[in-house]
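Hello,

Here is the structure I promised to pass on to you. Have a look at it first, and then read on for what turned up in it.

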Amino acid sequence: MVVQGKVHKYGDNVDTDVIIPARYLNTSNHQELAAHCMEDIDKDFVKRVQPGDIIVANKNFGCGSSREHAPIAIKASGISCVIASTFARIFYRNAINIGLAILECDEAAKDIQAGDEVKVDFDTGVIENLTTGKKYQAEPFPPFIQNIIEKGGLLNAINNRL
Amino acid sequence: MGMTMTQKILAAHAGLPEVKAGQLIVAKLDLCLGNDITAPVAVNEFERCGACKVFDKSRIALVMDHFTPNKDIKAAEQVKRVREFANKFDIDNYFDVGRMGVEHAVLPEQGLVGPGDCVIGADSHTCTYGALGAFSTGVGSTDLAAAMATGTAWFKVPSAIKVELTGKLSKYVTGKDVVLHLIGMIGVDGALYKSLEFTGDGVAALSMDDRLCIANMAIEAGAKNGIFPVDDVTLAYVNGRFKREVRIFEADPDAEYESVVKIDLSELRPTVAFPHLPENTKTIDECNGQVKIDQVVIGSCTNGRMEDMRAAAEILKGRKVAKGVRCIIIPATQQIWLDSMREGLFDIFIEAGAAVSTPTCGPCLGGHMGILAAGERAVSTTNRNFVGRMGHVESEVYLASPYVAAASAVTGYITDPATL
């Protein structure tokens with residue numbers, strides 16, 4: 001799978017409370033959640049974001065609450081991939097489980113700037129900054145995870161066992 | 001190579017003689033948990049994948065604690081969805097208003113989790129049960145849905161940081177100060193993907209309420225879990241309470257740790273985490289009397305237990321909440337509420353000018369029952385002080401122990417309880 005889009009850039013420790021504030025967690029409707037995505041860190045995000053865009057952030061992206069509403073809001077807002085130096089572990093798990101593509105790559109996370117056009121190949125883990133021409137190598141998903149993503153999420157992956 | 005305590009519990013639940021850090025395993029679960037925010041999403045997923053039965057109706061806990069008693073129509077509809085699911089599958093441990101408590105207080109109290117367990121919960125503070133010598137970790141709603149259907153979950157076996165505790169805590173220093181100090185040392189991602197394994201002579205003198213508070217905030221250092229050895233304090237707590245067999249696991253003497261953190265408990269001071277990260281810690285001596293506040297919250301899965309209520313009462317007895325400060329006290333479970341009432345703590349709270357609420361997570365996550373306006377500051381015994389956590393994006397949350405929170409309520413400034 002290959003995705004391409006414009007970058008929205010954030011710093012360290014972007015927590016799930018700013019990705020989707022708890023005041024909006026009285027719904028699980030994906031579009032309602034997307035309408036408030038990143039509201040407390042970047043209130044114009046929902047106006048700027050275009051389908052296929054990419055979020056790039058530094059360390060510990062998605063720290064805090066276990067709310068799956070956070071990756072759901074990001075995915076439903078049209079984001080095709082999140083690249084970060086590191087992810088908080090529950091967010092990492094949730095993103096895979098709901099089929100939001102994520103990649104850890106410290107070099108890319110630090111280099112890539114807001115507004116850059118970036119292309120990501122998930123099969124090879126190659127991240128290409130089309131604006132600067134620079135390429136980065138991220139670790140592609142291990143087979144165990146690829147299986148979950150290929151089946152369209154954890155629930156589909158376990159379906160044959162039910 | 002030996003295994004850590006966490007690795008031994010995971011190996012036992014995966015049916016493997018040994019596991020290594022980084023290994024992917026599928027483990028059997030003793031219990032899985034959801035709340036009124038995460039369970040509705042899990043119920044949707046459960047139904048979408050075509051599951052027609054739950055793996056074991058006695059091993060699922062659904063606790064309606066975050067926006068309850070229902071704060072608005074949407075919240076009421078979310079709870080209704082979970083209630084109908086619980087009725088349909090005759091879930092034994094469905095906790096609604098009247099029986100409900102803050103999930104990580106109510107599950108240990110009711111004996112639903114205990115030593116040697118492997119537990120997941122769709123709530124990040126599920127790591128609390130490590131205090132009892134269990135492996136427990138927070139996951140999302142999809143993991144919960146899969147767990148409710150299969151009774152299993154996949155894990156990447158974590159490596160570990162050993163936290164060696166020595167000495168004894170001084171007066172007015174609590175488990176909250178220990179964990180804030182630790183997070184201040186290693187940072188909010190200092191234990192990312194790892195276990196925090198607490199050991200050392202200092203453990204024995206820590207009460208179960210202190211241990212539950214410390215394990216609860218392991219996630220605030222990014223940890224997968226925090227875990228305490230099983231000792232006399234644990235066994236005294238679970239005896240007559242825990243309904244399954246107690247299984248005691250110990251780390252091997254040659255277990256591998258990525259690093260060792262040493263904390264002398266006798267050297268710790270009351271500690272406060274400043275906005276907007278739990279790692280922004282200062283000792284009370286660095287901030288005493290310097291930060292004016294508008295609200296105090298004493299409660300939550302971190303500090304809503306009996307010892308916390310008694311600490312607040314010790315400070316508030318015969319004193320008044322400062323003019324211009326709202327002090328909200330929330331016993332975390334119905335049992336703690338009853339015990340607090342019978343001990344006369346509510347007389348102390350109410351005579352001091354504090355409000356006492358029914359159990360709820362409410363203000364901790366900016367849900368209801370104590371939202372902050374722009375520019376307002378709260379001292380809170382909860383676990384997170386992120387931007388906008390308790391209300392407006394321009395409000396501020398300072399994390400502290402019940403002693404410090406209550407003392408701050410009395411003066412209107414962040415205050416060392418010893419100086420009252």
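A word on charges before we start: Lys and Arg count as positive and Asp and Glu as negative, while His and the chain ends are left out. Please also keep in mind that this is a predicted model.

With that count, chain A has 17 positive and 21 negative charges, and their mean positions lie 2 Å apart.

As for its fold, chain A contains eight helices and seven strands. Its radius of gyration is 15 Å, close to the 15 Å that the globule rule gives for 162 residues, so chain A is as compact as a globular protein of that length. Along the principal axes, the C-alpha atoms of chain A fill a box of roughly 45 × 40 × 25 Å. Of the 162 residues in chain A, 57% are buried.

Where is Arg384(B) placed? You will find Arg384(B) in the loop between strand 17 (377-380) and strand 18 (396-399) of chain B. Buried means under 20% relative accessible area, and Arg384(B) counts as buried because its relative accessibility is 1%. Its side chain makes polar contacts of 2.9 Å with the side chain of Ser124(B) and with that of Glu220(B). Arg384(B) also touches residues of chain A, including Asp17(A), Gly64(A) and Ser65(A).

Enjoy exploring,
a colleague

How values were computed:
Residues numbered from 1 in each chain as written. Chains lettered and ligands numbered in written order. Predicted model: local features only at pLDDT ≥ 70, side-chain atom pairs only at ≥ 80, totals over all residues. Heavy atoms only, no water. Helix = DSSP H or I, 4+ residues; strand = E, 2+ residues; numbered from the N terminus. Rg over C-alpha atoms; globule rule 2.2 N^0.38 Å. Buried < 20%, exposed > 50% of the residue type's maximum accessible area, 1.4 Å probe, protein only. Charge placed at Lys NZ, Arg CZ, Asp CG, Glu CD. Polar contact = N/O pair within 3.5 Å; in protein donor to acceptor, adjacent residues only side chain to side chain. Contact = heavy atoms within 4.5 Å. Lists of a residue's contacts leave out its neighbours within four places in sequence.
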